Amino acid sequence: MKKILITGGAGYIGSHTAVALVDAGFEPVIIDNFSNSDKSVLSGLKHILGKDLSYYEGDCNDSTLLNKVFSENDFQGVIHFAAFKAVGESTQLPLKYYSNNIDSLLILLETMAAHGVKDLVFSSSCTVYGQPDVLPVSEDTPRQEAESPYGNTKKICEDILRDYIKSGVNSRIISLRYFNPVGAHPSGEIGELPLGVPNNLVPFITQTAMGIREKLTVFGNDYNTADGSCVRDYIHVMDLADAHVKALAYLSQQKDNFYDLFNVGTGNGNTVLEVIQTFEKISQLALNYHIGPRRPGDIEKVWASTEKIQKVLGWKPKYSLEDSIRDSWNWQQKLGEKV
Ligand code: WQD
């Protein structure tokens, strides 16, 4: 069985990717410090998969632990999700973000090299594009000044990977630039588990509908878009998970010393108000929301060109925005009022 290490594998995207990996015949092994995830995810995974996944509790910055994990498992490759990712928090605690997000990658690369593990899929973000001048945004679109320390750690990590490969190592690496991950596994056994007040739109919508939040604030409707609210490319987390499986398969066919990067989005943009309207249609509920001021740091509109990933990895999205909202709402209802 082909073993894959998933750092941050108990997290939102990591846990859904674990399911996709098992479905594709891989054996995922999780390492997670549970700083932004919950052990209940492991039982959710067991319900879906019908078996326990092996996991290590700990930090990717802990090289002793990481060496132990690699000594105990013969990995074909690694998917690196583990990172702090709250945009707002990163502006308050930049050193926490720079040390955690960058040191963990450096320690992981060193440990992989020491154990002869070549293949790595890195979790990057469309945030590296900032506000693109031309849309849809392609991989050739120049990256812009990061809007936050979080976004800057993603840019810096991409540069580390590029320079590492340029140094001639035999590693084979892909960076995936995620657009906006939404939705949940159709079973409702796993999903997005924002700890505390959600930053992201869809969990805030579903928590408002559950009565956990009093009302949703739409951060501005005076943008130059169809209805004045911001546009994003909302991609179902299971489509995103599938992109990781396809990236690993592609890496296994490449020569040594390989690096490439791909956008992972649907290729469509939707406004905030369209997402709300979709939720109301799916749930048959009227959502309690109001229009508030713009959120500092928000860009106006972004959506992906998916030409490259479709052509090279043979990946394309299967789920629609309605599917994503349906699955998010199903997950929230199963969660109940738990926050
Ligand atoms: C989406 C839209 C908000 C909440 C960030 C990171 C990105 C990735 C996803 C980590 C925006 C609007 C939101 C609310 C609102 N993070 N909104 N009311 O900011 O596009 O992307 O999260 O990987 O890297 O940059 O996602 O869900 O926060 O916002 O009106 O209560 O919803 O203004 O237009 P964002 P988001």
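Predicted model: local features only at pLDDT ≥ 70, side-chain atom pairs only at ≥ 80, totals over all residues.
**H185**

I started with H185, which is buried at a relative accessible area of 13%; buried means under 20%, exposed means over 50%, and partly exposed lies in between, with a 1.4 Å probe and protein chains only. I found H185 in the loop between β7 (180-182) and α7 (201-209). For the names, helices are DSSP runs of H or I with at least four residues, strands are runs of E with at least two, and the numbering goes from the N terminus.

Residues are numbered from 1 along each chain as its sequence is written, and side-chain values use heavy atoms, with hydrogens and water left out.

Which residues does H185 touch, not counting those up to four places away in sequence? I listed H16, V19, I48, I190 and M238, where contact means heavy atoms within 4.5 Å. I also noted a polar contact of 2.7 Å between the side chains of H185 and S187. Such a contact is a pair of N or O atoms within 3.5 Å; within protein, one must be able to donate a hydrogen and the other to accept it, and residues adjacent in sequence count only if both atoms are side-chain atoms.

**The cores**

Next I looked up the largest nonpolar core, which has 46 residues. A nonpolar core is a set of buried Ala, Val, Leu, Ile, Met, Phe, Trp, Tyr and Cys residues joined through side-chain atoms within 4.5 Å. L21, L45, I174, L176 and V264 touch the most other members of this core. Helix α8 (residues 237-251) gives the most to this core, namely ten residues.

**The ligand**

Which residues come nearest to the ligand? Of the 19 residues around the ligand, I wrote down Y150, L201, T217, R232 and D298; a residue is near if one of its heavy atoms lies within 4 Å.

Then I checked single atom pairs. A polar side-chain atom of D298 is 2.6 Å from a ligand oxygen atom, and S125 has a polar side-chain atom 3.0 Å from an oxygen atom of the ligand. For T217, a polar backbone atom lies 2.8 Å from a nitrogen atom of the ligand. The ligand taken alone exposes 680 Å², and the protein buries 90% of that; these areas come from the Shrake-Rupley method with a 1.4 Å probe, and for residues only the protein chains shown count as cover.

Strand β8 (residues 216-219) supplies the largest share of the shell, four residues. I sorted the shell into nine nonpolar, six polar and four charged residues. Here Ala, Val, Leu, Ile, Met, Phe, Trp, Tyr, Cys and Pro count as nonpolar, Asp, Glu, Lys and Arg as charged, and the others, Gly among them, as polar.

**Helix α7**

Is α7 mostly covered or mostly open? I found it mostly covered, with eight of its nine residues buried. The cover over these buried residues includes β7, β8, β10 (234-236), α9 (272-283) and α11 (321-335).

I picked P203 in helix α7 and noted 7% relative accessibility, so P203 counts as buried. P203 touches E192, P194, P198 and Q332, not counting residues up to four places away in sequence. P203 and S328 are 125 residues apart in sequence, yet 7.6 Å apart in space, C-alpha to C-alpha. After α7 comes G211, with a positive phi near 85°.

**I291**

I located I291 in strand β13 (residues 289-292). At 36% relative accessibility, I291 counts as partly exposed. With residues up to four places away left out, I291 touches V218, G220, N221 and L273.

L135 and P136 are joined by a cis peptide bond, with omega about 0°, and P136 sits in the loop between β5 (119-125) and α6 (149-166). F34 is not a glycine, but has a positive phi near 55°; F34 is buried, at 13% relative accessible area. N257, also not a glycine, has a positive phi of about 60°, and at 33% relative accessibility N257 counts as partly exposed.
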